[in-house]
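Here is a short report on one protein model. Please look over the sequence and the structure first.

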Amino acid sequence: CRVVVLISGNGSNLQAIIDGCDDTLTADVVGVISNKPDAYGLVRAHHSEIDTSCVIAHSDETREQYDARLLEAINKYQPDLVVLAGFMRILSDGFVEQFTGKMLNIHPSLLPKYPGLHTHQRAIDAGDSEHGASVHFVTPELDSGPVVLQAKVPVYPGDDVATLSERVHEQEHAIYPMVVKWFSQQRLVMKDGKAYLDNELI
Ligand code: GRF
């Protein structure tokens with residue numbers, strides 16, 4: 001299974017997926033694409049001898065124009081799966097529809113709670129006693145595709161965004177490689193907008 005990973009920053013989830021793919025013989029990260037030239041994840045890819053591309057947004061282009069260039073960069077790798085790992089751009093509907101059932105995202109909340117940004121602060125502000133991360137298939141509506149796997153963490157009194165996000169990140173690194181592995185083994189599919197693992201509705 002040829003996997004392309006899209007990043008904007010540190011790429012710690014990318015690293016977890018690269019490491020996970022070393023263990024499974026079914027998935028292979030064949031390319032990493034960033035919208036930011038200084039994303040540390042690009043350095044991680046180079047260390048693992050994975051091809052990289054940068055697709056930097058021009059100030060005068062529309063979202064659709066950017067997404068067309070991104071699509072071209074992705075298609076060069078002929079991927080079976082596109083993995084969003086901290087890719088901080090909203091994707092147009094037309095773009096997302098090119099990858100129905102073939103694109104995953106990780107979101108730092110227990111979806112459907114807290115789609116969008118600042119999820120850790122929102123969980124703290126709401127006084128939640130648990131928080132976490134969700135891996136889901138990507139559909140046009142932001143952070144709303146069917147959830148495949150979640151990891152929960154406790155929220156402790158005195159937590160701030162730094163302590164809480166670190167706890168969540170650790171879980172992200174456990175669940176994302178697992179989901180990529182399931183997909184690469186063809187155990188995970190999206191059908192009619194729903195996610196199935198081993199033919200069981202998730
Ligand atoms: C993660 O918290 C992920 O949930 C969110 O962006 C962050 C990416 O972190 N979508 P990293 O670049 O993988 O370290």
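The report below covers an annotated site and a nonpolar core.

## Annotated site

This is a predicted model. For it, an unreviewed UniProt entry lists Gly11, Ser12 and Asn13 under "binding site". Such annotations may be inferred rather than shown by experiment.

Ser12 belongs to helix 1, which spans residues 12–23. Asn13 is found in helix 1 too.

## Ser12 and Asn13: burial

Ser12 has 19 other C-beta atoms within 10 Å, so it counts as partly exposed. Asn13 has 25 other C-beta atoms within 10 Å and is therefore buried. The cut-off for buried is 20 or more.

Ser12 touches His169 and His173. Asn13 touches Ala85, Gly86, Ile106, Glu172, His173 and Tyr176.

## Nonpolar core

The largest nonpolar core has 51 residues. Those with the most contacts inside it are Val5, Ile17, Val32, Val83, Ala85, Leu104 and Val179. Helix 6, residues 161–184, gives this core its largest share, 8 residues.

Which residues does Val179 contact, leaving aside neighbours within four places in sequence? They are Leu104, Val135, Val148, Leu149 and Leu188.

Technical notes:
Residues numbered from 1 in each chain as written. Predicted model: local features only at pLDDT ≥ 70, side-chain atom pairs only at ≥ 80, totals over all residues. Helix = DSSP H or I, 4+ residues; strand = E, 2+ residues; numbered from the N terminus. Buried ≥ 20, exposed ≤ 12 C-beta atoms within 10 Å, placed from the backbone. Contact = placed C-beta atoms within 7 Å. Core = buried A, V, L, I, M, F, W, Y, C linked by C-beta atoms within 7 Å.
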